[in-house]
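Open the model in your viewer and keep the selection panel at hand. Each stop below says what to select, then what is there.

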Amino acid sequence: MSALLKLSGVQTYIGRYHILQGVDFDVPEGQTTMLLGRNGAGKTTTLRTIMGLWQARTGSISLAGEAIEKLATPDIAQRGVGYVPESMAVFSDLTVKENLVLAARNGPLDEAQLAWIFGFFPALKKFWLSRAGSLSGGQKQMLSIARAIVEPRKLLLIDEPTKGLAPAIVMSLIECLKEIKRRGVTILLVEQNFHAARELGDQVLVMDNGTIVHRGEMAALAADVPLQERLLGLSLEAHQ
Ligand SMILES: Nc1ncnc2c1ncn2[C@@H]1O[C@H](COP(=O)(O)OP(=O)(O)OP(=O)(O)O)[C@@H](O)[C@H]1O
């Protein structure tokens, strides 16, 4: 399967801190790749570097074979990359509708875009004219993802979408993300919830200390408890 996204030797500094210390990986087209790792491993910095929010000092990043490491965020978005940051990207004082309209580059949403969004997130239809600030945490997360896919996307980068959500909401979010993948969107997903990672991931990358220390099939890592313990410090409770 061909790589939609490819990082080679990516090094990122934040101020004087050397955070990404040579990151190499491929994200295969049409699959969901999980980016796992302990706190502070460099997962968010990796997504932000792909989006051009931090500039890689060395190394290359390519999307469908085209170098993007020197592009600014809007240019990367224009090439079909959506980004859902860890702090949900919604405007609390605006309605659900206004949040989505603002996210659409080409003016008002047409019927096809509305059908596409409601197909994933039917709850948003019910709250269409409600202020985003009045939504629950799970509904806000869905709106945040909906904003990222309101335009057609090849690749979606999502940072810890299940963080702080109740188990039932996590389940429905997992179903939404599976549906997004079924519709042909490639996903790179940072996740701390191993259950969600196991449900969603085709491939897995594990980071530690600013580099990739493991890459492989998610199913293989899910079946190897000692490896999870070693790479992620997961205890048996994570599997219950
Ligand atoms: N703005 C910043 N200024 C200085 N250091 C930063 C900044 N942002 C991140 N870092 C540092 O970079 C390292 C990697 O952080 P990053 O947020 O990428 O890790 P992470 O794997 O996403 O962690 P978590 O799972 O806790 O979100 C950490 O040591 C962090 O303290």
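**Before you start**

This is a predicted model, in which local features need pLDDT of at least 70, side-chain atom pairs count only at pLDDT 80 or more, and totals for chains, interfaces and linings use all residues. Residues are numbered from 1 along each chain as its sequence is written. Helices (H or I, at least four residues) and strands (E, at least two) are DSSP runs, numbered from the N terminus.

**Stop 1**

Two strands count as paired if DSSP finds at least two bridges between them. Strands of a sheet pair through backbone hydrogen bonds, either parallel or antiparallel.

Contact here means that the C-beta atoms of two residues, placed from the backbone, lie within 7 Å. Axes are lines fitted to C-alpha atoms, for helices over the stretch in contact, and angles run from 0 to 180 degrees between N-to-C directions.

Move to strand 1 (residues 3-14) and strand 4 (residues 56-63). They run antiparallel and are joined by 6 bridges. Pick Leu7: its bridge partner in strand 4 is Ile61. Then pick Thr12, which stands opposite Ala56 in strand 4.

Follow strand 4 into strand 5. This antiparallel pair has 2 bridges. Leu63 has Glu66 of strand 5 as its bridge partner. The hairpin has 2 residues between the strands, and Ala64 takes a positive phi near 50° there.

**Stop 2**

Zoom in on strand 3 (residues 32-37) and strand 9 (residues 203-208). They run parallel, with 5 bridges. Thr33 has Gln203 of strand 9 as its bridge partner.

**Stop 1: the ligand**

Which residues surround the ligand? Select Ile14, Gly15, Tyr17, Ile19, Gly37, Asn39, Gly40, Ala41, Gly42, Lys43, Thr44 and Thr45. A residue is near a molecule if its C-beta atom, placed from the backbone, lies within 6 Å of it.

Strand 2 (17-28) and helix 1 (43-50) each supply at least two residues of this shell. Helix 1 gives the most, with 3 residues.

Colour the shell by class. It has 4 nonpolar, 7 polar and 1 charged residues. Ala, Val, Leu, Ile, Met, Phe, Trp, Tyr, Cys and Pro count as nonpolar, Asp, Glu, Lys and Arg as charged, and the others, Gly among them, as polar.

**Stop 2: helix 6 against helix 7**

Select helix 6 (residues 137-149) and helix 7 (residues 167-182). Their axes come within 10 Å and cross at roughly 15°. The two helices are therefore roughly parallel to each other, a term for angles under 35 degrees.

Show side chains. Helix 6 brings Gly138, Gln141, Met142, Ile145 and Ile149 to the contact, and helix 7 brings Ile169, Leu173, Cys176 and Ile180. By class, this contact has 7 nonpolar, 2 polar and no charged residues.

**Stop 3: helix 6 against helix 3**

Val96, Asn99, Leu100 and Ala103 of helix 3 meet Leu143, Ala146 and Arg147 of helix 6. The residues of this contact divide into 5 nonpolar, 1 polar and 1 charged.

Terms used: Parallel < 35°, antiparallel > 145°, perpendicular 65-115°, else oblique.
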